Amino acid sequence: RFDWTEPVGAAVFRRAGALWIVFDKAKGFEMDRFINEAKGVILSADQVSAQKGTFLRFSTPAGINPSIRRDGNSWIFDFKKQPMEAQTPIETITQRTVASGSRLFMPLIQAGEALPFHDASIGDNLVVIPVIPVSKGILKRQNYPQVRILPTIQGIVIQPKIDDLRVRSTSK
């Protein structure tokens, strides 16, 4: 359970064997508490330094994944043996006729700020977009010439293939 005093977006995904939970606001958590309360379901937990937001990395036994729910402003993750899959897919729309050139558009209400992140364990960069609606994520990995969109159970994770990729949340 992650308690917040205001609405906070979350992203949840797996990468290189680790389960990542990312929030769009910064906060410190006592990570040992999660290991102690999880009764063997969480093997390790650490908070990774980032410029913005809160990045948490967990190790779990194979096949153990969270289901997600909310209680007010709190995010609650229930871990059990289950597939890692969003309940509601986020659609990716290719738009080729916009004034600024081609873009990928993902219509979504209550998307948070795009959070750049350097994954030191792999040595590459990601852009994570936490969202407030529960279990809205990307079902399958999507490859495009300039970007890769990774599967998530919650939120959006983008792996740029170019240095000058622009990722942003807009209200339009």
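## Exercises: rings, cores, a pocket and strands

A search of the whole structure finds twelve aromatic pairs. The model is predicted: local features need pLDDT of at least 70, side-chain atom pairs count only at pLDDT 80 or more, and totals for chains, interfaces and linings use all residues. Residues are numbered from 1 along each chain as its sequence is written, and side-chain values use heavy atoms, without hydrogens and water.

### Exercise 1

Classify the ring pair of Trp4 and Phe23, then follow the rings onward from Phe23.

**Solution.**
- Step 1, the rule. Rings of Phe, Tyr and Trp (its six-membered ring) pair if their centres lie within 6.5 Å; planes under 30 degrees apart are stacked, over 60 edge-to-face, and the rest tilted.
- Step 2, the pair. The centres of the Trp4 and Phe23 rings are 5.2 Å apart and the planes stand at 55°, so this pair is tilted.
- Step 3, position. Trp4 sits in the segment before S1 and Phe23 in strand S2, 19 residues apart, so the pair links distant parts of the chain. Strands (E, at least two residues) and helices (H or I, at least four) are DSSP runs, numbered from the N terminus.
- Step 4, onward. Phe23 also pairs with Phe29: centres 6.3 Å apart, planes at 40°, hence tilted.
- Step 5, burial. Buried means under 20% relative accessible area, exposed over 50%, partly exposed in between (1.4 Å probe, protein chains only). Trp4 at 10% counts as buried. Phe23 is buried at 0%, and Phe29 is buried at 13%.
- Step 6, the cluster. Ring pairs join Phe2, Trp4, Phe23, Phe29, Phe34, Phe58 and Phe77.

### Exercise 2

Which residues have the most contacts inside the largest nonpolar core, and which elements give two or more residues to it?

**Solution.**
- Step 1, the term. A nonpolar core is a set of buried Ala, Val, Leu, Ile, Met, Phe, Trp, Tyr and Cys residues joined through side-chain atoms within 4.5 Å.
- Step 2, the residues. The largest core has 20 residues, and Phe2, Phe23, Phe58 and Trp75 have the most contacts inside it.
- Step 3, the elements. Two or more residues each come from strand S1 (10–15), strand S2 (18–23), helix H1 (31–38), strand S4 (54–59) and strand S6 (74–81).
- Step 4, the other core. A second, separate core has 13 residues, including Val22, Val48, Phe55 and Phe117.

### Exercise 3

Describe the lining of the second largest pocket by element and by class.

**Solution.**
- Step 1, the term. On a 1 Å grid over the protein atoms alone, a pocket is an open set of points where a 1.4 Å probe fits, with protein on both sides within 12 Å along at least five of seven lines; lining residues have an atom within 4 Å of a point.
- Step 2, the elements. H1 and S6 each supply at least two lining residues; H1 gives the most, with three.
- Step 3, the classes. The lining has nine nonpolar, no polar and two charged residues. Among the lining residues are Arg1, Phe2, Glu37 and Phe58.

### Exercise 4

Which strands pair with S4, and over how many bridges?

**Solution.**
- Step 1, the rule. Two strands pair if DSSP finds at least two bridges between them.
- Step 2, S2. S2 and S4 are antiparallel over five bridges; Ile21 has Leu56 as its bridge partner in S4.
- Step 3, S3. Strand S3 (residues 44–48) and S4 are antiparallel over five bridges. Gln47 stands opposite Leu56.
- Step 4, the turn. S3 and S4 form a hairpin with five residues between them, and Gly53 in the turn has a positive phi of about 80°.

Definitions and conventions
Ala, Val, Leu, Ile, Met, Phe, Trp, Tyr, Cys and Pro count as nonpolar, Asp, Glu, Lys and Arg as charged, and the others, Gly among them, as polar.
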